Amino acid sequence: MVDAALVVVPSKDYLPQRLGKEAWNLRYYVQMPDWMDCFVSVSDNWSIRDESFGGVQTQFYANDYLRFPGTPWPLDHGFPSVLALYRPFFFRALQALRTESPANAARWVGTLLHLVTDSGSPAHTLGVHGEMHVRMETWVDASRLDLVGYQPKLLGQTDETAAEGLAGRMNGLIEFSKQHAKRMLPLVQANNKAAVEPIETEVAVETAKVTADVVHTLLVLTARSKGTGTASLIARVSAPPVAGMEFVPAKLMLAGTNYSTLSEPLIETPKEYRASFVFHNLPAGSYQAIVERTGARPLVTGRLVLHPGRTLHVNRQLQPTDPAENLVRNPRFGIRWRGKSTPDSWHFDGPQDHWLPDTRDRVRDHWISDTIPVEGGKTYVAGYEAKPSSRTKVMLQWMVTHWKAIDRPLVVLRPGKTAPAGERFTAPPKAVYARFVVAGSSDPAKSVQEVFLTPKP
């Protein structure tokens with residue numbers, strides 16, 4: 001649907017010029033919400049006659065394009081929860097197109113487009129799951145997804161009216177899809193694919209039209225955004241290397257705002273990560289920046305003053321974590337850009353039972369870290385430093401996917417007096433992620449000083 005929509009975006013919107021190669025990457029970025037809690041690694045392979053070469057070019061955490069102060073909680077984009085997400089992610093996509101690099105902007109736009117296309121899914125509008133859901137989403141005649149001749153509609157002349165227009169357009173799409181879904185369901189249950197295909201294809205065409213409207217509106221509104229009273233910020237950052245995560249970006253957040261962006265590498269070196277952040281069209285004023293990267297201590301800057309019509313250049317160097325190469329994001333719970341009550345890269349999950357090994361105890365209310373990429377069969381050192389008098393349990397959980405834990409009890413960790421004290425664990429062969437679970441409903445920072453997971457050299 002995204003491919004069909006992009007074909008009819010008017011040439012005067014300058015989509016290829018605005019986003020470059022990232023314009024066509026929207027067909028992948030539209031999956032971003034389905035990548036929640038995933039670590040994304042993109043490889044670029046070249047073949048010249050009998051030679052083949054290439055390697056990892058891009059790495060990022062999908063959550064960095066899914067959570068921000070406007071939506072600080074884990075993203076639930078099912079129906080009807082998705083209805084509350086159109087507005088904040090529409091404004092966030094506008095912001096990214098106005099202020100960030102093409103890669104960062106395209107990923108935020110991709111997240112918004114996922115909310116649009118999922119809402120147009122017949123299975124979503126009726127809440128159908130399982131095999132019936134798969135059939136209702138995949139029985140489409142792709143050869144008929146042709147929008148040639150369609151003129152994308154502008155959803156509004158201003159940001160505000162366009163957000164209202166988007167809500168109205170989505171309500172119409174959902175009703176359109178729901179009525180078609182009611183016709184489809186008995187046919188799907190009867191396994192009548194031939195009868196389902198034309199109905200589902202009609203919905204897919206309408207969803208592609210809405211997608212084209214959204215892309216067109218975003219480009220028109222952001223083309224008009226240049227004006228007086230704005231400034232630019234270019235920040236160079238260096239950070240210690242982390243094995244296997246050489247291309248993972250640093251993240252820059254402006255405290256008290258929705259502004260954030262990820263860095264893009266300047267040069268590849270085994271000794272340190274070097275990259276830059278670029279912001280354009282920021283409102284002039286005074287900001288405090290927070291900079292973080294896996295394996296580095298977070299840095300909070302002094303006030304950065306941006307003057308109208310000028311560019312501020314700054315350089316920052318991040319120091320290694322202690323212990324070195326700590327793979328946990330926000331391990332000391334101090335980064336709270338998304339909101340004061342919740343540490344970034346953590347979320348409260350409860351009530352939900354987790355049974356502890358060799359006991360009859362269970363953990364019901366708990367905090368969970370973002371998933372941490374690991375390699376099955378590799379040895380890691382894990383542990384935590386408790387605060388004085390704390391009796392909170394901290395556990396390590398191995399994951400077979402970003403959403404499914406390996407079928408074994410959580411590992412209860414022993415607290416150490418200092419961060420380097422930890423226990424060695426070999427990741428299960430099928431493990432691709434790990435995560436920490438901190439028992440209790442209270443803010444984890446009240447009972448835990450730091451958690452860590454480091455690869456054993």
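Predicted model: local features only at pLDDT ≥ 70, side-chain atom pairs only at ≥ 80, totals over all residues.
**View 1. A nonpolar surface patch is made by Trp 46, Ile 48 and Phe 53.** The patch covers about 320 Å². Phe 53 belongs to strand 2, which spans residues 51-61. With a relative accessibility of 44%, Phe 53 counts as partly exposed.

**View 2. Tyr 259 and Phe 279 form an edge-to-face aromatic pair.** Eleven aromatic pairs are found in a search of the whole structure. In the pair of Tyr 259 and Phe 279, the ring centres are 6.4 Å apart and the planes make an angle of 80°. Tyr 259 lies in the loop between strand 4 (251-254) and strand 5 (260-262), and Phe 279 lies in strand 7 (residues 273-283), so the pair ties together parts that are 20 residues apart in sequence. Tyr 259 is buried, its relative accessible area being 17%. Phe 279 is likewise buried, at 1%.

**View 3. An aromatic cluster contains Phe 60, Tyr 65, Phe 68, Phe 89 and Trp 108.** The ring of Trp 108 also lies under the charged end of Arg 92, which is 4.0 Å from the ring centre.

**View 4. Arg 293 lies over the face of Tyr 273.** The distance from Arg 293 to the ring centre is 3.9 Å.

**View 5. A salt bridge joins Arg 67 and Asp 370.** The closest N and O atoms of the two residues are 3.2 Å apart. Arg 67 is in the loop between strand 2 and helix 4 (86-99), whereas Asp 370 is in the loop between strand 14 (366-369) and strand 15 (372-373). The pair thus links distant parts of the chain, 303 residues apart. Both Arg 67 and Asp 370 are buried.

**View 6. A salt bridge joins Arg 87 and Glu 160.** Here the closest N and O atoms are 2.8 Å apart. Arg 87 is in helix 4 and Glu 160 in helix 8 (residues 159-189), and the pair links parts of the chain 73 residues apart. Arg 87 is partly exposed, with a relative accessible area of 40%. Glu 160 is also partly exposed, at 33%.

**View 7. Glu 272 forms a salt bridge with Arg 274.** The closest N and O atoms of this pair are 2.6 Å apart. Arg 274 has a relative accessible area of 37% and is partly exposed.

**View 8. Asp 64, Lys 251, Glu 292 and Arg 329 are joined into one network.** The structure holds 16 salt bridges.

Methods: Residues numbered from 1 in each chain as written. Heavy atoms only, no water. Patch = residues over 30% accessible without salt bridge, like charges linked within 9 Å, V, L, I, M, F, W, Y side chains within 5 Å. Areas by Shrake-Rupley, 256 points an atom, 1.4 Å probe, with all protein chains shown as cover. Salt bridge = Lys/Arg side-chain N within 4 Å of Asp/Glu carboxyl O. Helix = DSSP H or I, 4+ residues; strand = E, 2+ residues; numbered from the N terminus. Buried < 20%, exposed > 50% of the residue type's maximum accessible area, 1.4 Å probe, protein only. Phe/Tyr/Trp six-rings, centres within 6.5 Å; stacked < 30°, edge-to-face > 60°. Lys NZ or Arg CZ within 6 Å of the ring centre and 35° of its normal.
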